[in-house]
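These notebook entries record what I looked up, in the order in which I looked. Each entry takes one part of the structure in turn.

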Amino acid sequence: MMSDRYKLHLVSAVVDFVKGLRELILPFLIIFFANGFSVTFNPGDSNFWSTLIPLGIFLLIIVLRLINGFLKWWTYVYWFEEKELRVEYGLFVKKKRYIPFDRIQSFNYKEGIFHRLFGLVQVMVETAGSTNGKPEVILTAITKEAANQIELVTRKSKEQAELQADDLEVEELAEPTARVIHKMNTKSLLILATTSSSMGVVVAGVAAVLSQFAELIPFERIFEELSSFIKFGFIAISLAVFMTFLVTWLVAVIITFINYYNFTVVEEDDRLTITRGLLEKKKVTIPLNRIQAIKVVENPLRQIFGFAAVAVESASGGFGGEEKKITLFPLIKKKDLMNPMQELFPHFVWQQTLTKPPKKAKSFFYRLDFIWLLPVVALGSYFWFPYGLLSILVIIPVIALGLWQFKTAGFAINGNQLTFCYRIFSRVTFMVEKKRIQALEARQSYFQKRRELTTVEVTVMSGLTGAAAKVPNLENANAEEIMKWFEKSSS
Amino acid sequence: MCNVRKQLMYQIPRKGLTVWRLYGLFNTALTAILMGAVIFVTYYFEWPSFIYYIAIAVVVVVALASIWLFPRIRWDHWRYEVREHEIEIQSGLFIVERTLIPMVRVQHVDTSQGPILKKYDLANISISTAATTHVIPMLITSDADSLRARISILARVAEDDV
């Protein structure tokens, strides 16, 4: 039996340390904001101690982190023994974790900047039981050869176990065929950036940054000088607007490239491997049978141009809690979607007619919004009297969105598959098999009851908390139909 | 297929309503203390007197709602049924929810009992799936225990395929 003990690469100490630093930035900023940036090193100044004490504490924490990272690296060992991956670390409190090979679901990889400098990789070992959103074991930095070796040892042992299990099977363990399902080129990355809903966030960010600079620019003088040339002023303003959008777009493009550069989906041996990233390379593997539900998301802009994004809800989350939803296709033409999806998920039906909420449900989609809208409009009108009345106009887009949500909503039942279609802002098509549903809920408010409408919500397992999808205001009978369909699963 | 779903079989025991009223009483007491503080501050700083009326009205409304009205409605809405293949729960105050949990999905069942519930010989039972947790509150302790045992047996029998 192999029982060589392996250590992590020294870089892992640095990576752990830097990760720790990143967590410290926010409290650091908060404290300095609270101090009003009155940083001083003059002992006579009244702010001297309020600068020194937090600074000292931070320095202490940083040093502790450094020692901690180093100690972890120093004590961390992993090895293979008795068909288990065994990990041990800790100086005073020794932590040991033994994972049987056949419990390992997948390996996920991540290469940060530090990793790439030294040809290293971070390995996250995912097991079926790690539902608390965290990978079972994280090897912070090991060489790529070592990573390959781990995967090889695991696979070999698993295959042997399978061979022993059924001797009848002739040795036809041909190399698993890898199939590229999807690869993003530069053009689609650009479209992805341009149509991403985070554009709005970026616009706000850029506007905020520009408004900071605005104080530096002597607008008043410029305007005074230019007031005679109104035409030129107009050009200047439109130029400024244009520049804002250009900068926004560039930022969006850069972010998109960093995250999605070289996005590739490969199917191999009943598992999907997704590789992506420019600076930080990430590689996630999901076994196909761990996929709980499929979500096709079209934000309004993409819907107009016929694009969609596809995500899957997986029982074992990619990189811990925050990334439980795994994007399969960040951007794909809707008409190109069917073929690869049909191949990947042959048991799903992709073309179907939705049952819509009834006409009487229409007003239910926007009337609840009036409850918070009315006081807003009333207050706005009261305090900024003549112009505040314009806030009444807000009602128009709210009703429009409500009607749009009404038009989108619907459901379909196809054998064992349930499809929910709904819109909050983006249109979501949520597909799930009966056996993946954790709970089904029908909800009815007093007013809905009077009009015989019911909201139906379905929950599947995904990461720590699960993921839910709901179609509001369906006809009672339809909701009943879904409940009946679900009940039948066992009877 | 009948259109109207038939009413679920079991209700929360009558004692549960009493306990909910008791909780409402605590709530009211807390609100009363808070409002007392408001009245005191109002008196101290000589704020306008309408604040007194608002504070008193708040206490009265909270008392009426959380002692008399809400427990009643909630108790009326609460229903549950544990069948061979699924658990169905109906709950809610203004919005009535009906939840269907297949037995296969149940991962574990807990009962819990605070000091007040213990006094009334009641227990909450909570049913966890991989993604959600559902509570049936205020069951007679012995019922809760036997229900817990029953669910765990049924859940074990049901074949798992996650």
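**Entry 1. Chain B as a whole**

In what order do the elements of chain B run from the N terminus on? I noted first that the model is predicted. I then read the order as β-α-α-β-β-β-β-α-β-β-α.

Along the principal axes, the C-alpha atoms of chain B fill a box of roughly 70 × 40 × 30 Å. I recorded that 25% of the 162 residues in chain B are buried. Of the contacts in chain B with a separation of 6 or more, 53% are between residues 24 or more positions apart.

**Entry 2. Helix α1 of chain B**

I examined helix α1 of chain B, which covers residues 14-45. Does the length of this helix fit what its residues should span, or what do its ends show? At 1.5 Å a residue, its 32 residues should span 46 Å, and the end C-alpha atoms lie 47 Å apart, which agrees.

Which residues of α1(B) are buried? I listed Gly16(B), Val19(B), Trp20(B), Gly24(B) and Met35(B). As a general point, an α-helix has 3.6 residues a turn, so residues three or four places apart point the same way. The cover over the buried residues of α1(B) includes α2 (50-77), α3 (115-119), β6 (122-128) and β7 (133-140) of chain B. After α1(B) comes Glu46(B), and I noted that its phi is positive, near 55°.

**Entry 3. Where chain B touches chain A**

How many residues does each chain bring to the contact? I found 23 residues from chain B and 27 residues from chain A. On the side of chain B, strand β4 (residues 95-102) supplies the largest share, eight residues. By class, that side has 12 nonpolar, five polar and six charged residues.

I then followed β4(B) across to chain A. Strand β18 (residues 437-445) of chain A is joined to β4(B) by six bridges, and the two run antiparallel. Ser445(A) has Ile95(B) as its bridge partner in β4(B). In general, strands of a sheet pair through backbone hydrogen bonds, either parallel or antiparallel.

**Entry 4. An open sheet in chain A**

I traced six strands of chain A that form an open sheet, in the order β14-β13-β12-β17-β16-β15, with antiparallel pairing. Its edge strands are β14 (325-333) and β15 (410-414), each of which pairs on one side only. From one strand to the next, the twist averages 15°.

**Entry 5. Ala293 of chain A**

Is Ala293(A) buried or exposed? I found 24 C-beta neighbours inside 10 Å, so Ala293(A) counts as buried. Ala293(A) is found in strand β12 (residues 291-298) of chain A. Beyond its neighbours within four places in sequence, its contacts include Glu313(A), Phe430(A), Val432(A) and Ala467(A). I also looked up Thr459(A), which is 166 residues from Ala293(A) in sequence but 9.9 Å away in space, C-alpha to C-alpha.

Methods: Residues numbered from 1 in each chain as written. Chains lettered and ligands numbered in written order. Predicted model: local features only at pLDDT ≥ 70, side-chain atom pairs only at ≥ 80, totals over all residues. Contact = placed C-beta atoms within 7 Å. Helix = DSSP H or I, 4+ residues; strand = E, 2+ residues; numbered from the N terminus. Nonpolar A, V, L, I, M, F, W, Y, C, P; charged D, E, K, R; others polar. Pairing = 2+ DSSP bridges. Buried ≥ 20, exposed ≤ 12 C-beta atoms within 10 Å, placed from the backbone. Axes fitted to C-alpha atoms, helices over the stretch in contact; angles between N-to-C directions. Expected span 1.5 Å × (residues − 1).
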